[in-house]
Amino acid sequence: MITLTLKEQPEVPIEAEALSPDVVAELGNDELRALPIFFGKRQLRLDDFFEVEGEASEELEIHGDASRVKWLGRGMTRGQLRIVGNAGMHLGAFMKGGAIDVSGNASDWVGAEMSGGLIRIGGNVGGQIGAAYRGSLTGMTAGTIVVEGSAGLEVGMRMKRGTIVVKGMAKDFTGLEMKGGTIILGGAELRTGAWMNRGTIISLTPIPLLPTFAYNCSYNPTFLRIYSRELETLGVSLPFEESEGSYELYSGDAAVSRKGELLVWKPAG
Amino acid sequence: MLRITGGKVYDPANDVNGEVRDVCISDGRIVAEVAGADVRTIDAAGMVVFPGGVDVHTHVAGGALNFARAMTPENHRAAAKFTHSPELRAGVGGTTPSTFATGYLYAGLGYTTVNEAAVPVLSARHTHEELRDTPLVDKTCCVLMANNELILDLLEEGETERAKHLLAWHLWAAKGYGVKAVNPGGVTAWKWGKDAKILSEPVPGYSKVTPAKIISSMAAMVDELKLPHPMHLHCNNLGAPGNIDTTIETMKVLDGHRAHMAHLQFHSYGGDDWDTLRSESVRLAEFFNGQPNLTADAGAILFGDSVTITADGPWQHLLYQLTGRKWGNLDVENETGCGVVPYTYKGTNMVNAVQWAVGLELLLLIDDPWRIYLTTDHPNGACFWRYPEIIHLLMNADFRRECIDKLPEKALKRIHLPGIDREYTLSEIAIIISAGPARALGMPQKGHLGVGADADVALYNDDPDRERMFGHPRYLLKGGEVVVEEGDIRKMVDGRECIVRPSFDKNIEEYLRPLFEQYYTMSFDNYPVEMDRLEGADIRECG
Amino acid sequence: MAAQLGGKVTCTLGEVKNRADFIIYWGGNPADCHPLHFSRYTLIPKGKHVPEGRKGRTMVLVDVRETPSAKHADILLQIKPGKDFEVITTLRALVKNQPVDAARVAETGLTLEQMQDFVDRMKNARFGVLFFGMGLSMTRGKHMNSAAALALVAELNAYTKFVSMPMRGHGNVTGADVVMRWTTGFPFGVSMSRGYPRFNPGEFSTIDVLVRGDNDATLVLGADPGATMPQPAIDHLARTPTIVLDPKVTHTSRLARVHITTATTGISAPGTVYRMDEIPLPLKPILESPYPTDEEVVHRILEKVKEKPAWLPASFKEVPCA
C-alpha cells in the first residue's frame with residue numbers, strides 16, 4: 001500500500017490527477033515523490049505537499065483534509081483509492097473501474113462521466129455527481145456512487161446508466177435530463193427529475209414534483225424486492241414490504257418524454 | 001533572403017510540375033535569384049515545394065462562428081489544446097477553434113490564405129476583430145447580400161442599377177472582399193419561419209422578387225462592378241433530397257455570368273426523401289463541366305463530429321428537428337441570419353455514407369481541377385485540419401476502396417464512387433488546394449511560385465502516406481518568414497486582410513440613410529467599419 | 001450556460017422592431033432597467049412589418065410582483081416567487097399537447113386555463129419574442145430558468161416564428177463574453193493555470209473562486225466586486241493582493257493594495273461595445289484624459305511580466321485534464 005499524508009493546507013487548490021492507482025501501481029518511491037502536482041500555475045512535486053510512504057501498489061491511501069486536492073482518481077481503471085479525510089472536486093471523474101472510498105466529505109463533480117467502478121462517500125458531497133460536464137451530451141454511463149450524507153445540485157445530470165444513492169437530502173434538479181440509470185434518494189428539494197427522458201428515481205421521503213409528472217398508481221413492484229437485496233451489499237436499505245408501505249409511481253417529464261419513472265415511498269398508516 | 005534548394009517544385013500556375021529547382025525569396029516575395037552572404041539556404045531534398053494553401057471557403061471568424069463556440073464547450077474540452085508560450089498564445093482547436101489556434105492549425109497544414117465565407121455587414125466589425133487575432137494567414141472575406149432586404153426591395157421595384165450601387169456601398173462599408181449569396185430569398189423568408197425552395201416562386205413578402213431573380217441580378221452586379229472574385233453562391237435547397245434539380249436550375253439561371261458555387265456536395269442529391277437519397281454527382285459534374293464561367297468548392301464530409309454553421313436558417317431548424325441536437329439561431333435585422341447545430345457524421349448512417357461519397361465524386365468527376373477546390377465547408381462537413389485525409393483519399397484509389405468497403409451495403413447502390421479509379425497527382429493537388437482557389441479569388445500574388453508572388457511556400461516530405469505528408473509540413477514560409485520549421489511553429493507573424501474598394505455613386509448614401517434610420521436600430525454613422533479596424537489592409541481598387 | 005445546454009434561438013433588436021407582434025417580458029422590469037427598450041425596439045416603433053406600431057403589438061409581462069413595467073403591458077401574468085421553472089416546463093408540455101397535473105399547476109399562481117390561453121396566444125403570434133431578465137436568470141434555478149425559456153422558444157418554432165433574448169446587465173458584459181469566446185473558446189469562468197483555457201462554472205467562475213479563496217491575487221478591471229459580492233469574497237479581496245484599474249475609486253479600490261486610475265472608456269478611450277444582441281458598436285472618445293487607458297496599463301504590466309522567468313518548466317508536458 002502507498003500512504004500519502006497531506007503536510008498542510010495548500011494556499012490555492014492543487015490538481016493531482018497523478019494520484020490514481022493506474023499511475024502509482026508500478027512506481028518506485030523516488031518516482032512517486034517526483035509525480036507532478038499542479039499548484040496554481042506551477043508544476044511541483046508530490047513530496048512538496050505529501051509525506052510519501054510505500055511504492056508500487058494498486059492500493060493508494062491519502063490522509064488529511066484533501067478538500068483542496070482536485071482530480072483524485074481521475075480516469076482510474078483498477079485498484080483502491082482511500083481518502084481518510086475529505087476530497088476535492090472531480091473525485092473519480094471519468095473512472096472506469098476500481099474503487100474509491102472517502103471517510104469524510106467530497107466536493108462537486110464526483111464520478112463525473114464515469115463508466116465503471118464504485119465510489120463511496122462517508123460524508124456529504126457537492127453537486128453534479130455522476131453528471132455530464134457542461135455541454136456534454138451524457139453523464140455517467142455505468143458504475144455506482146453511494147453517499148452516506150447529503151448532496152448538492154444536479155445529481156446524476158444527463159446520466160445514462162449506473163446507480164447513484166444519496167442517503168441524505170439532495171438539492172434541486174436531481175436527475176436533470178436523465179437518459180437512464182437509477183437514483184435513490186433519502187429526499188430532495190425542488191425539481192427532481194426535471195426534463196428526464198428515461199431512468200428511475202426513487203425517493204424514500206415525499207418530494208415536491210413538477211406539474212409535468214403524472215401520478216400512475218401506488219404499488220410494490222417485484223423488481224424492487226430483488227434490487228433491494230443487491231443494494232444491501234452496498235449498505236443501502238430500500239423498503240419494499242407491503243406491510244411497511246408502497247411506492248407512488250409518477251411518470252414524466254411530459255415536457256420532453258413520459259418514459260421517466262419517479263417512485264416516492266409512502267409508509268403504511 | 002532565402003533559397004530553397006533541392007526540392008521538387010509544384011507550381012501548376014507556371015507549368016512547373018515536380019521539377020527540382022530553386023525557389024528564391026527576398027523581401028517577402030519570390031525573386032528570380034538571390035546572392036550574397038546573407039542568404040539562408042533550406043535544403044529541401046526529399047521534399048516537395050508547394051505554394052501556400054488557399055482555403056476558398058471556411059468559417060473561422062465572426063458572430064456565427066462565435067455563437068457556435070458559445071454553444072459547444074464540450075467540443076473545446078475534447079479538442080487539441082495550445083499551450084501558452086513566449087511565442088504562442090493559448091487556445092483550443094477542435095470543431096470551432098479559437099482565433100489564435102485557427103492560425104496555428106492552418107499553418108500546421110501549410111496554408112497561408114483563408115477566405116472567411118460569411119460576414120453580415122451589421123457585425124462585420126466583429127469579424128475583422130477576430131481576423132486580426134488570427135495569426136499566420138492572410139485573409140479575405142465575403143459579405144452576405146442575397147437576403148439584404150433593402151436590396152431586395154429595390155429589385156422588387158425593378159431598380160437594378162440603384163441596387164448595384166447599394167450593394168457596392170455595403171461591400172465597402174463592411175470592408176469585405178467578395179459578395180456572398182446564401183439561400184437567396186430563403187433567409188429572408190425565414191424571418192417569418194418560411195423558406196424559398198422554388199427558384200421561380202416569389203419570396204414571401206415580395207411579388208416580383210424570386211430566388212432566380214436575386215441570383216441572376218446579383219451575379220450581374222458583381223460582374224459589372226468588376227470584383228476580383230465572382231459571386232460566391234450557396235444554392236437554395238441545401239441538403240434536401242432531390243436538390244440536384246435546384247442546383248442545375250441555378251446554374252442555368254446564372255446564364256453565363258461568373259459564379260463560385262459553394263460546398264457543391266450538399267447540393268448534389270437525388271431521391272425523394274431521406275430513405276431514397278442518392279448521389280447525382282455524375283449529372284452535376286456533366287453539367288458543370290460545360291459551364292466554363294463557374295468554379296466550385298467540394299464541401300466534402302468526413303465521418304466524425306462537426307458543427308453545422310450556416311446562414312441557412314431554415315435548414316438549421318430542420319436539422320434540429322431531425323436530430324434533436326441543440327439549435328442556435330440568430331436572425332440579423334434586414335440582412336441575413338445564421339443557424340448552428342452540432343452534428344455527427346456516422347459511417348453506419350446511409351445518408352452520411354452517400355454524402356461522404358458525393359464530396360469525393362465531385363472532386364474526381366469534374367474534369368478541370370482549376371475549377372473545383374478542396375474544402376469541407378469547415379466546420380460543416382468536417383474540420384479543415386482534416387483536409388489531409390481527403391487528399392489521401394483522392395490520391396490513393398486502394399485506400400479509397402478500403403474505405404468504401406466499410407460503408408453500409410445499401411449505400412453502395414446510391415453512389416458512383418466504387419466505379420471511379422482516378423487518382424489525383426501532386427500537381428493536381430497543388431491546384432485544388434492553392435493555385436485554383438487563388439485564381440478563383442482573383443489574387444494574382446497567391447497560389448503560385450513565380451517571380452513577384454507573395455513568398456508563401458510550404459515544404460512537405462514526399463511521403464507515400466499522403467495524409468501524414470500534408471498534415472505535417474516540414475517548413476512553412478509566410479511572406480518570406482520561416483514560421484514553421486521542422487514541424488514546429490517558430491514565429492508568429494500577423495497576416496493581412498485583402499479588401500476591395502468598388503466604385504459606386506456616393507449619392508446612394510442619401511437614399512440609404514433615411515431607410516436605415518427607419519429600419520435599423522443603430523446610428524447610421526456607426527454602421528460602416530472604420531479602416532483602422534483592419535491592420536494594414538491591402539486594398540484592391542475595382543471598376 | 002443556458003445556450004450550452006440546448007442552444008439559443010434569437011435575433012438582433014431590429015428584427016423585433018420590424019416584425020414582433022407578441023412580446024413577452026419575463027422576470028425583467030425594462031421600464032426601470034432598460035428605459036429605451038420599449039420606445040426604441042419593442043413596443044412603440046412603427047416597424048417595417050408592424051406599421052401600426054404599438055397597436056399592432058401585444059405585450060405580456062410575467063413577473064412575481066407588479067413593477068412599473070406593468071402599466072405598459074396588455075396582459076399581466078403574476079406567478080408565485082420561485083415558480084418560473086415550473087411554469088415554463090409546464091408550458092413546454094402544453095405546447096406539445098401533453099397532459100399536466102392541474103393541482104400542481106395551480107401552485108404556481110397561474111391556472112391551467114391561463115397557461116393554455118398563453119400557449120394558444122404564443123402559437124398564434126406572427127412573430128413572438130421572449131425577453132428574459134434577472135428575475136429568471138438570477139433566482140433559484142439560475143441558468144436552468146434561462147435554459148427553460150430558451151427551450152420553450154426553440155420548440156415554439158415548430159408552430160410559428162419565435163425568438164428569445166436575455167436582458168443583459170450594464171457595462172460591456174456581452175463584449176467581455178464575445179472576446180473571451182474568440183480568444184479562448186469559452187465565455188467566462190476560464191482558468192489558464194495549466195497553460196491552456198479550461199472552463200467550469202462553479203469551479204472557475206469569479207464569485208466562487210473569491211468566496212472560497214481559491215486564488216492568491218486579484219486584478220479587477222472595470223468591475224466592483226467589493227460592492228456586490230458576498231462578505232467572504234470581500235474579505236478575501238481585502239486580505240490578498242488586489243489591484244484595481246478604474247476611472248473612479250470604487251469600493252474594491254478601498255480594499256485593494258493598488259488602485260490605478262484609468263481613462264473612461266467611451267468618453268476618453270476608444271473601443272467597442274457589444275450590444276445585448278451582440279452587435280458591435282464603436283466607441284468614439286470625445287474628451288482627453290490625463291490618465292492612461294486600461295489597455296495601456298495592461299500592456300505595461302505585461303511588459304514587466306515578460307521579464308520574469310517563465311513559469312512553465314522546460315520539460316512541461318500537457319497532462320490532459322477536462
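Author: A residue is called buried when its relative accessible area is under 20%, exposed when that area is over 50%, and partly exposed in between. With that in hand, and keeping in mind that this is a predicted model, one may start with E155(C) and R92(C), which are both buried. These two residues form a salt bridge whose closest N and O atoms are 2.6 Å apart, and the pair links distant parts of the chain, since E155(C) belongs to helix α9 of chain C while R92(C) belongs to helix α5 (residues 84-95), 63 residues apart.

In chain B, the side chains of E129(B) and R533(B) also meet in a salt bridge, at 3.3 Å from N to O. Because E129(B) lies in helix α4 (residues 124-132) and R533(B) in the loop between α18 (508-519) and β28 (538-541), the pair ties together parts of chain B that are 404 residues apart in sequence. Both E129(B) and R533(B) are buried.

A further salt bridge joins R140(C) to E189(A), with the closest N and O atoms 2.7 Å apart. This pair crosses between chains, running from the loop between α8 (134-137) and α9 (143-156) of chain C, where R140(C) sits, to the loop between β13 (182-188) and β14 (200-203) of chain A, which holds E189(A). R140(C) is partly exposed, with a relative accessible area of 42%, and E189(A) is likewise partly exposed, at 30%.

Note on methods
Residues numbered from 1 in each chain as written. Chains lettered and ligands numbered in written order. Predicted model: local features only at pLDDT ≥ 70, side-chain atom pairs only at ≥ 80, totals over all residues. Heavy atoms only, no water. Salt bridge = Lys/Arg side-chain N within 4 Å of Asp/Glu carboxyl O. Helix = DSSP H or I, 4+ residues; strand = E, 2+ residues; numbered from the N terminus. Buried < 20%, exposed > 50% of the residue type's maximum accessible area, 1.4 Å probe, protein only.
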